[in-house]
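Please take a moment to look over the sequence and the model before reading on. The paragraphs below walk through the structure step by step, from its sheets to single residues and then to the ligand.

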Amino acid sequence: MIVSGSTSQALAGALAAELDEPLASVDSDRFPDGELLASVPGFDADRAILVTSTTSSDAHIELLQLQDAVSEAGASEVITVVPYMGYGRQDKAFATGDPISARAVARAISTGTDQVLTVNPHEPAVCEFFEPTAVAVDAAGLLAEPLPADLEEPVFLSPDAGAVGIAETVRDAYGTGEVDYFEKTRHSGTEVEIAPSDVDVTDRDVVVTDDIIATGSTMSEAISVLGERGVGRVYVTCIHPLLARTAYTRLAAAGVEEIYGTDTIERAASAVSVAPAVAAALEEL
Ligand code: R5P
């Protein structure tokens, strides 16, 4: 039986259809003191597949409650799908006294499940924080699907060297194009500096590809740099379209043609579903 957290309802529904499994009803309530209560009143299955992107602290708590609720209801196997793993970018202690937050949340999630699946974690190494090691599904190839078929001499760029593998996968799935990356320097949570890549982008269509768009600082800066270099159209793709705060507006103001993401985070930009890829990974467990 598929059990959806509040953040991943459309994806859970798509996954239920892919796997031909029933979708459980979930109740979600909040006590006057602010505490959550998520429950699965009609749960009746041996195996529970929970689907929740942990985009907020509440989503984390809801996931832990749902894991416990299905166990209480008699599930003998619990599989947890975390399409977007919140706190995954805090994968090390950045200063003395800092926690390794990704490890802390992974440990908490691991206590209530037999297996975890996630999609394109920021660093694959975070999978090892789970016990047992989480399975990482690579959804990057899906990002080529919504792109227009008539891209002019396309260039697939990642904002930094770390995401160039995603750009390569999108280019391979698209079928043609050059791949390169910018040099990025982050000055703060919302300020980044992007140095242009060597590729000549004049009158060429560019697809900027990253694992996540959070505040949009990285992407808006990349689009601005491209604009100064006589680029054709600029499309932006990412696995996780978090698009926090004013990210949409920043990208629109910078001149983006379209923003395409997956449904690991359910947003207006979720142009393609990871459900088939996650279903295939579940069937291989
Ligand atoms: C960083 O290494 C990531 O790959 C993203 O580039 C970054 O997290 C995006 O964040 P923002 O949208 O806030 O610039």
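Predicted model: local features only at pLDDT ≥ 70, side-chain atom pairs only at ≥ 80, totals over all residues.

How many bridges join strand S5 to strand S6, and do the two strands run parallel or antiparallel? Four bridges join strand S5, residues 77-82, to strand S6, residues 115-119, and the two strands run parallel.

Residues are numbered from 1 along each chain as its sequence is written, and side-chain values use heavy atoms, with hydrogens and water left out.

Strands S5 and S6 belong to an open sheet of five strands, which has the order S1-S4-S5-S6-S7 and parallel pairing. At its edges are strand S1 (2-4) and strand S7 (135-137), each of which pairs on one side only. From one strand to the next, the twist averages 20°, where axes are lines fitted to C-alpha atoms, for helices over the stretch in contact, and angles run from 0 to 180 degrees between N-to-C directions. Helix H7, made of residues 275-283, lies across strand S4 (47-51), S5, S6 and S7, and runs at about 150° to S6; contact here means heavy atoms within 4.5 Å. In general, strands of a sheet pair through backbone hydrogen bonds, either parallel or antiparallel.

A second open sheet has six strands in the order S9-S8-S12-S13-S14-S15, again with parallel pairing. Its edge strands are strand S9 (178-181) and strand S15 (270-272), and each of these pairs on one side only. Neighbouring strands of this sheet are turned by 35° against each other on average, if direction is ignored. Within the sheet, seven bridges join strand S12, residues 206-213, to S13, and in one of these pairings valine 206 has valine 234 in S13 as its bridge partner. Helix H5, residues 217-227, lies across strand S8 (155-158), S12 and S13, running at about 165° to S12.

Next come some details of the backbone. Most residues other than glycine have a negative phi, and most peptide bonds are trans. The loop between S6 and S7 holds asparagine 120, whose phi is near 35°, a positive value in a residue other than glycine. The loop between S6 and S7 also holds proline 132, and the peptide bond from glutamate 131 to proline 132 is cis, with omega near 0°. Arginine 245, in the loop between strand S13 (234-241) and helix H6 (247-254), has a positive phi of about 50° although it is not a glycine.

Are asparagine 120 and arginine 245 buried or exposed? Asparagine 120 counts as buried because its relative accessibility is 10%, whereas arginine 245 is exposed, with a relative accessible area of 73%. Buried means under 20% relative accessible area, exposed means over 50%, and partly exposed lies in between, with a 1.4 Å probe and protein chains only. Serine 28, which lies in strand S2, is partly exposed at 48%, and, leaving aside its neighbours within four places in sequence, serine 28 is in contact with Ser6, Leu37, Ala38 and Glu62.

Finally, which residues are closest to the ligand? Of the 14 residues that surround the ligand, the closest are Arg89, Asp210, Asp211, Thr215 and Thr218, where a residue is near a molecule if one of its heavy atoms lies within 4 Å of it. An oxygen atom of the ligand is 2.6 Å from an N or O atom in the side chain of aspartate 211, and a polar side-chain atom of threonine 218 lies 2.6 Å from an oxygen atom of the ligand. The protein covers 91% of the 380 Å² of accessible area that the ligand has on its own, as found by the Shrake-Rupley method with a 1.4 Å probe.

Definitions and conventions
Pairing = 2+ DSSP bridges. Polar contact = N/O pair within 3.5 Å; in protein donor to acceptor, adjacent residues only side chain to side chain.
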